[in-house]
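The sequence and structure are shown below.

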Amino acid sequence: MADIEKKPFYITTPIYYPSGNPHIGHCYTTIACDCVARMKRMQGYDVMFLTGTDEHGQKIEKKAQEEGTTPKAYVDAIVENFKKLWARLGISYDRYVRTTDDYHIKTVQNIFEKLYKDGWIYKSEYKGKYCTPCESFWTESQLVDGKCPDCGRDVTDASEEAYFFKLSHFAPKLKELLLDEEKNFLNPKSRVNEMIHNFIDPGLQDLCVSRTSFTWGIPVTFDEKHIVYVWIDALTNYISAMGFMNDTYNDYEKYWPADMHVMAKEIVRFHSLIWPSILMALGEPLPKKVYGHGWITFGDGGKMSKSKGNVIDPFVLCDRYGVDALRFHLLREMVFGSDMPYSNEMMFNRYNADLANDLGNLVSRTVAMAIKYFDGTLPADKEFTDADTDLVSQLDALQPVVSEAFETCRFSDGLEAIFRVVARANKYIDENEPWKLAKDESAKPRLAAVLYNLLDAVRRVTILLTPVMPHTAPQIFEQIGAAEENTGWYDSEKKYLLPADVTVKKGPVLFPRIDVEKELEELAALAPKKEEAPSDLEPLKELTKYDNFAALDLRAVKVLECENVPKSDKLLKFKVDDGFGERQVLSGIAKYYKPEELIGKTLAMIVNLEPRKMMGFESNGMILSVKFGDGYRVIEFPDSVKPGSDIS
Ligand code: MSP
């Protein structure tokens with residue numbers, strides 16, 4: 001173990017709404033945090049990993065009513081399902097907070113009272129647009145097309161007596177916090193711009209923090225017809241669960257401030273504006289980092305949601321392909337900050353390439369050769385040569401790269417780096433041709449060194465894979481004869497920790513290949529049948545010649561600039577990079593996107609349409625988008641797709 005004292009490390013997931021069962025989207029954030037928590041434990045930190053459920057609010061109250069039960073009984077059942085899923089996924093949380101827990105209620109009431117006494121909370125009247133499913137009030141200017149900017153649903157006029165938190169007071173401090181390069185508080189950086197342009201610069205409004213229109217919540221102690229409204233209740237979990245202002249726990253001094261709050265983009269606003277403001281008002285330290293990842297989307301480009309009936313059952317995926325395959329898939333494919341369309345096919349293809357072919361084969365070939373050529377135990381006499389240097393030096397460099405990637409939520413970068421080295425190790429087999437060395441008795445010491453290098457490479461990469469694949473890693477260690485004391489995080493930096501006469505053990509196939517076609521068919525058969533709905537689709541067009549398609553030049557383009565076209569509520573004006581240069585293009589999607597949301601994105605475009613003038617501006621091409629609900633969504637590629645890449 002390196003020279004790290006048992007320093008505390010505190011990481012949190014959002015507390016999820018138990019308004020429905022957990023789905024693959026919740027799994028992503030929770031697995032991501034679990035990966036960091038496991039790595040930090042391996043690094044010798046004293047880790048506190050908190051997850052939980054956000055159980056109050058009108059939506060839960062309504063759901064319970066619909067089911068003829070009490071809100072508490074309703075959430076109890078769903079919380080059980082969250083816990084079952086986390087157990088299935090190997091989530092190593094240290095504490096589970098429920099906002100209906102007594103200690104949490106105590107903390108929220110104490111905080112509310114303190115903020116009121118200190119003048120940060122005052123009573124007034126709330127008038128606004130309210131979105132019931134999101135439990136959010138919006139100002140007129142925040143609405144998109146008259147609808148809730150988060151979920152696109154209808155909002156209603158609402159007004160009631162309410163308590164307010166003086167959020168507006170904190171605007172300058174929040175801006176300073178977000179722009180502080182050294183603190184690097186909010187990641188990815190694009191979210192900083194979003195917060196500043198969309199919320200701080202237009203003027204932060206004071207925040208409504210109580211409600212009288214429903215009862216399923218924490219009562220305000222000094223005005224019992226009010227209940228504490230959503231964010232003071234929800235955000236406070238991160239400190240109530242550590243014992244702040246309650247007697248149940250006593251870990252606040254030790255773990256607060258949190259090292260990492262992790263969540264998806266839609267609640268970054270609450271964590272990077274409201275939460276720091278509440279803490280500043282309380283005079284408490286601020287969390288160190290907030291990470292806002294993208295969404296797992298499902299076909300229609302929207303955030304996966306229970307209401308759309310498009311959920312993929314994580315239990316089924318774990319049962320069929322293994323927990324670690326699902327963990328690996330989500331962490332490998334989701335590029336931090338970007339959305340990822342969910343695809344079982346993508347999971348199978350990557351599984352076959354990286355796990356079955358590259359890692360699985362590396363382990364099984366190496367172990368099989370050690371058994372075949374040396375009866376499973378390598379001789380002490382080995383001949384290392386310069387031909388080993390490249391592989392070994394790549395392994396030497398890997399640990400810091402992976403640590404840095406994982407602790408900044410760039411799991412796909414970390415995994416990509418690991419699998420580059422796995423590929424290098426496979427290449428090392430081909431370069432050294434052990435089967436030829438085995439034919440020559442005098443080459444035995446060289447053969448032993450080659451196999452030893454391979455076993456040690458497997459040991460070193462498997463250590464770094466442990467937080468992602470905690471169930472498979474011990475099986476690999478067993479096969480290659482690595483003792484537990486040589487599988488700590490920093491042991492991956494040290495070469496040759498296996499005993500000189502290491503003994504391997506043949507084990508079961510780690511990652512059986514997936515027959516993609518067959519599995520896709522079987523999963524499709526398992527999926528719940530959708531009810532037939534009247535189609536609002538355009539009828540299919542007549543057949544056309546292939547050449548008509550081939551004549552179109554479809555490319556990925558990167559949005560450099562985007563702005564509204566004056567006097568048009570439909571058009572956005574873009575400057576895009578098409579790989580060969582910059583061009584201007586217009587698109588009629590202003591109702592569905594704010595310009596800032598599109599800057600930096602990589603989109604699909606027809607680039608060889610003749611120029612057209614719209615509202616006095618020339619448009620060179622057409623940005624492609626897909627009909628979605630009452631609007632359109634652009635077709636988006638991961639950031640790593642190069643502008644100018646051909647779409648076919
Ligand atoms: N209760 C609030 C959070 C309060 S935190 C103080 C809430 N709950 S939620 O159930 O809606 O969970 C939202 C979070 O779940 C997202 O921020 C993200 O972490 C995770 N995800 C839910 N659906 C997701 C996707 N489709 N994709 C990625 N993450 C998703 O908001």
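At what angle do helix H17 and helix H18 pack, and how far apart are their axes?

## Helices H17 and H18

In this predicted model, helix H17 (residues 444–465) packs against helix H18 (residues 473–480) at an angle of about 165 degrees, and their axes are 10 Å apart. Because angles over 145 degrees count as roughly antiparallel, H17 is roughly antiparallel to H18. The crossing of H17 past H18 is left-handed.

On the H17 side, the contact is formed by Leu455, Val458, Arg459, Thr462 and Ile463, and on the H18 side by Ala473, Ile476, Phe477 and Ile480. Of these residues, seven are nonpolar, one is polar and one is charged.

## Helices H5 and H6

Helix H5 (residues 171–179) and helix H6 (residues 189–200) cross at roughly 165 degrees, and their axes come within 10 Å. The two helices, H5 and H6, are therefore roughly antiparallel to each other, and their crossing is left-handed.

H5 contributes Ala171, Leu174, Lys175, Leu178 and Leu179 to the contact, where they meet Val192, Met195, Ile196 and Ile200 of H6. The residues of this contact comprise eight nonpolar, no polar and one charged.

## Gln43 in its loop

Gln43 lies in the loop between helix H1 (24–42) and strand E2 (46–53). Gln43 counts as buried because its relative accessibility is 3%, and the cut-off for buried is under 20%. The side chain of Gln43 also makes a polar contact with the side chain of Ser403, at 3.3 Å.

Key. Residues are numbered from 1 along each chain as its sequence is written. This is a predicted model: local features need pLDDT of at least 70, side-chain atom pairs count only at pLDDT 80 or more; totals for chains, interfaces and linings use all residues. Side-chain values use heavy atoms; hydrogens and water are left out. Helices (H or I, at least four residues) and strands (E, at least two) are DSSP runs, numbered from the N terminus. Buried means under 20% relative accessible area, exposed over 50%, partly exposed in between (1.4 Å probe, protein chains only). A polar contact is a pair of N or O atoms within 3.5 Å; within protein, one must be able to donate a hydrogen and the other to accept it, and residues adjacent in sequence count only if both atoms are side-chain atoms. Axes are lines fitted to C-alpha atoms, for helices over the stretch in contact, and angles run from 0 to 180 degrees between N-to-C directions. Angles under 35 degrees count as roughly parallel, over 145 as roughly antiparallel, 65 to 115 as roughly perpendicular and the rest as oblique. A crossing is left-handed if the near helix is turned anticlockwise from the far one by less than a right angle, and right-handed if clockwise. Contact means heavy atoms within 4.5 Å. Ala, Val, Leu, Ile, Met, Phe, Trp, Tyr, Cys and Pro count as nonpolar, Asp, Glu, Lys and Arg as charged, and the others, Gly among them, as polar.
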